[in-house]
Amino acid sequence: MDFQPRITAFVCNWCTYTGADLAGTSRLQMAANVRIIRLPCTGRIDHMFIVKAFERGADGVIVSGCHPADCHYTAGNYHARRRFGVFRELMDFMGIDPRRVTFSWVSASEGVKWKDVVNETVARVAELGPFDAYHELAGDTITGGEPAPDPFEAASGAETPDPLEAHEVGR
Amino acid sequence: MKELRDLARKLLADGDAGVVIGWEEGRRGARPAFITTPDDADKLIFDARCVHNLANYLNPRKPQVKALGKPAVVVKGCDAKAVAGLLREAQLTRDRVILIGVRCGGVVQTPEMPAELTEATVATRCYGCDVREPKLVDHLVGDAQPEPPVTAALDRRIAELDALSPQERWQFWTGQLAKCTRCHACRQACPLCHCERCITDKTQPQWIESSSHLRGNFAWHLTRAQHLAGRCVGCGECERACPVGIPLSLINRKLQLVVKDLFDYTVTDDPEVPAPIGAYAVDDRQEFIE
Amino acid sequence: MSAAPDKRPTPKGKGTKGAAPAAAAGAAATAVAGAALCLTEENLGKLVAEIVAGGTRLVAPAREPQAGVGGSADYRYISSAAELAFGDSLPRMSLKGFFLPQSEVLFKWHRKGADVEIEAVPTEFPPQIVLGARPCDTAALEIVDQVMDWGLRDELWFGRRDATTIFNLSCPVEDASCFCHAVGLNPDATRAADGMLTPVPGGYLVETCTEKGAALIEGHKALFESGDTGAAAQRSKAAAQYRADARAKVAADLQIDTTRIKEWVGDHFDDDFWTALGPRCNGCAACASVCPTCHCFDIVDEPEGVGHGARRRNWDTCQTGVFTLHASGHNPRADQNSRFRQRVNHKFFIYPSRFGEVLCTGCGRCSRVCPEGQDLAEVLACIDELARA
């Protein structure tokens, strides 16, 4: 079975979330790998949301909101634009492949654009492969920079069902 | 430095300052001094070993310094930029501090080294310095100094890292950040890290794990760098303080270059100029956004 | 030639299996008589190769592998002799991290329906060897043993202690910030060590202190030469000179009486001395990170996903504001004066009161690493002078 990336999308309520909803009601065909988290505005999105998503198993992240001049709160997306302009460079510099994160402006009427953003992101991240490097960062570390053998070789498989497990596309 | 000592003596004797924060001779080189009586003013020195960013002691969350009274702080240009940051961010009011600017010709990398400035010994922070005569001052002491030796070593190293693939940079940074013990010396040494409660100490909710595994360390260093973007004055104290030798200057300098590129902003010792993050322009660059 | 006796009186409380046997107070001569051998530089390389080839983990002072980043030596797991940095400076960090890792899993949990399954970590560890430990770092382990066995025996600490064989490298004394002599040790101390290497022309004089040490030698005995009596005598002489020079050097750094200091610190909790000293400290805790005897830790529960996670312990430090922050918001050590005082207090009054010895081996790292120039040797000298007045 081909690798199915897990994508977490942080989207603003007024534009992108509505646009994504439109994509759904229009029955546009798109990859089912994205889990959407709705925020009031991209201005609310802290860089740690992206980091946390990667920490918790995401292979890729989408951050999307209103076009400039269209922010429901006037300037939230302008702040986000500056913040993420910087953070994207920081991630890249620290070795996090920037191709794993998509930033986009998707308005409430752009259902088709949302479909494209989703499909492109999923395809791009699928090609990059699972982000194991980030998921496996917390082995036991002993001074010397070399991780000690993890006493739990078979990692931490959960017995409870994982909500991020791709389930059937029931649309 | 007679001019400085006389000034300090006078400020203390007249009661204008409760403490003069400068440098003195320590057992292992120059170190910060807290002069509270006029007689002790003779301890004050200034030379190329006076590396420390004394603006750090103006952090309002240092009750033990506040208890000493109204501070008169000796500041090099880079230190004055940090004071400007504190003023800009309402951590300090201008009338509550006396700033004694000192003309600077550069500093060496550590306070223990001999005070001889060469390309090999000069601190990386001195590259491109535009505040050798600080402007944010109440007094200005010291003779005019020659230009420090030039070394673009830091920017060269950043260019080398930029030329690698993300995967190779990942290898580099995981190797470096694995050393991090989360002592937070970088934060404590930084004048601009002045939050009452640092985000890494918050647990309800906990965004940054306190454990010193790579996951926690990445979260910490990404956050600190991001929170300093546009605010970091490039004094390099974080890297100097780090007990395990993580090259933090690379990260902070990189973001200085990014902020310059994206917003045409360079950190300044004028507190009236707003910092870039927290402000915006309607035509900000957005090539990275689809 | 036997290793000279350690000055430090032996502690009350238990040591570990395989550590230097506790002798009568004040006379802890620990070398095995007649076991003075030689290890040439070449054979040291072969010893490393043999140990590594045999699959045993080997810790030694080594340089940082990444190019272009400083040149400090650190204790690291090494896999070849080329990585050895015996002759370099004192390793930047102490050996502490190999026994109390900076972040360590205590157990993992998995939720299964309404139940929670706990997976404990093993408390037995594969054997490992430390070659070239500085005496201040090794002795620290036995000092910390006391608190690690106080009321509750820390099985993870002692599991690693038991699994480790340590050969010291007799120290030439790093610089004027060293003061091991002033706290009852010496640059050639063998406390808690299984053996000792002393640099001599051409290689090292090798002595064993414990059965564990002897077993290591035995396992690679072809590499160790006794040579003829003439050569042996010459080596002994060179080693004795090396050690004597080091002792003289460090003795000059600081002359104090730790008992006198303990009394003064205990009696002067509210002294102005602390308010004069505290402001310079920026609370960075670099000192605690590099210290071989600081051992405080924090325990956290970290979810790693839905229904599973790990309980960890992480290095912590009394130098941070949150260390004593109560849930109510009250903080008994609300400023850096009281926190800096606490560091000196714990090491030179509280720990000696409870365990009979100072929580410090005089390695000097805290003074070297402090970005603001706090100098513990200077602090102790000042207190000693105040105590004498």
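Axes here are lines fitted to C-alpha atoms, for helices over the stretch in contact, and angles between N-to-C directions run from 0 to 180 degrees. The model shown is predicted.

**View 1. Crossing of α3(A) and α7(B)**. The crossing of α3(A) past α7(B) is right-handed.

**View 2. Residues at the contact of α3(A) with α7(B)**. From α3(A), the residues A:V86, A:F87, A:L90 and A:M94 take part. They meet B:L222, B:A225 and B:Q226 in α7(B). By class, this contact holds six nonpolar residues, one polar residue and no charged residues.

**View 3. The side of chain A that touches chain B**. Chain A puts 34 residues into the contact and chain B puts in 37 residues. On the side of chain A, the elements giving two or more residues are α2 (47-55), α3 and β4 (101-105). Of these, α3(A) gives the most, with 14 residues. The residues on this side of chain A divide into 17 nonpolar, eight polar and nine charged.

**View 4. Domain 1 and domain 2 of chain B**. Domain 1 of chain B covers 2-141, and domain 2 covers 153-263. Their C-alpha centres lie 25 Å apart. In the contact between them, 18 residues of domain 1 face 15 residues of domain 2. The residues on the domain 1 side divide into eight nonpolar, seven polar and three charged.

Terms used: Residues numbered from 1 in each chain as written. Chains lettered and ligands numbered in written order. Predicted model: local features only at pLDDT ≥ 70, side-chain atom pairs only at ≥ 80, totals over all residues. Helix = DSSP H or I, 4+ residues; strand = E, 2+ residues; numbered from the N terminus. Left-handed = near helix turned anticlockwise from the far one by under 90°. Contact = placed C-beta atoms within 7 Å. Nonpolar A, V, L, I, M, F, W, Y, C, P; charged D, E, K, R; others polar. Domains from an automatic or database assignment.
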